Amino acid sequence: MRLSRRQLFTAAGVTALVAAGTTSTGPVAVAAPVRAWSGEIGVAEWERYFLGLDGGAHQKALGALGIPHRDGVRADEQYLVVPVESVRRAALEFGDHAAADVLRERFGLDSPSMLGRGLELVLGRRGLEQRYLDDPGLQLRYIGHRRPFARHVLPMPAAVREALA
């Protein structure tokens, strides 16, 4: 089966723009890759990035998606999968920091890490994001220092919203 040039570009996620008045042998400008917000994200993967500094946005997103969270904080069923577009909506509509960060990681977005900003606020150090995801000791340290920031809400920067748009 042979694919046309258009089908190949579409499969690669690239849009080909042909300048007006050029022939098929003329120059072709290639635009930046088009991001397809497709696939699924596991709730457990999404909640790895949850710090609780988003003013309840994560819980609002879970409620909007019909995901039960009886403890009022995290999803009851960690094995569920959610469409990427729903996670993107959670970040844009509700301001869910964990959603923004899981999408940032999954799609390699060039935006600030909300997890990093939260850890810097509470623990006073930069660059702890990757370590936090894998280090239970650091996670417990965060929990121990979080109490004074319980009502603090970190605003989501415009750069994060732009990266998700």
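Author: Some ground rules. In this predicted model local features need pLDDT of at least 70 and side-chain atom pairs pLDDT 80 or more, while totals for chains, interfaces and linings use all residues. Residues are numbered from 1 along each chain as its sequence is written, and side-chain values use heavy atoms, with hydrogens and water left out.

Reader: What makes up the fold, and how do you know what counts as a helix or a strand?

Author: The protein has nine helices and four strands, in the order α-β-β-β-α-α-β-α-α-α-α-α-α. They are DSSP runs numbered from the N terminus: H or I with at least four residues for helices, E with at least two for strands.

Reader: Why is Ser111 called buried?

Author: Buried means under 20% relative accessible area, exposed over 50%, and partly exposed in between, with a 1.4 Å probe and protein chains only. Ser111 has 11% relative accessibility, so it counts as buried. Ser111 sits in the loop between α5 and α6. Leaving out residues up to four places away in sequence, Ser111 touches Arg104, Ala159, Val160 and Ala163; a contact here means heavy atoms within 4.5 Å. Across the protein, 36% of the 165 residues are buried.

Reader: What packs against the buried residues of α5?

Author: β3 (40-42), α2 (43-47), α3 (57-64), α4 (84-94), α6 and α9 (158-164) do. The buried residues of α5 themselves are His97, Ala98, Ala99, Ala100, Asp101, Val102 and Leu103.

Reader: What makes Asp96 a cap for α5?

Author: A side-chain oxygen of Asp96 lies 3.0 Å from the backbone nitrogen of Ala98, at the N-terminal end of α5. A polar contact is a pair of N or O atoms within 3.5 Å; within protein, one must be able to donate a hydrogen and the other to accept it, and residues adjacent in sequence count only if both atoms are side-chain atoms. So 3.0 Å falls within the 3.5 Å limit. Likewise, Asp135 caps the N-terminal end of α8, with a side-chain oxygen 2.9 Å from the backbone nitrogen of Gly137.

Reader: How do you know that the buried residues of α8 line one face?

Author: Those buried residues are Leu138, Tyr142 and Arg146. Seen down the axis of α8, they fall within an arc of 75 degrees, so they line one face of the helix; the arc is that of the directions from the helix axis to the C-beta atoms. An α-helix has 3.6 residues a turn, so residues three or four places apart point the same way. The face turned away carries the exposed Pro136, Leu140, Ile143 and Gly144. Among the cover for the buried residues of α8 are α6 and α7.

Reader: Which helix gives the most to the lining of the largest pocket?

Author: That is α8, with four residues.
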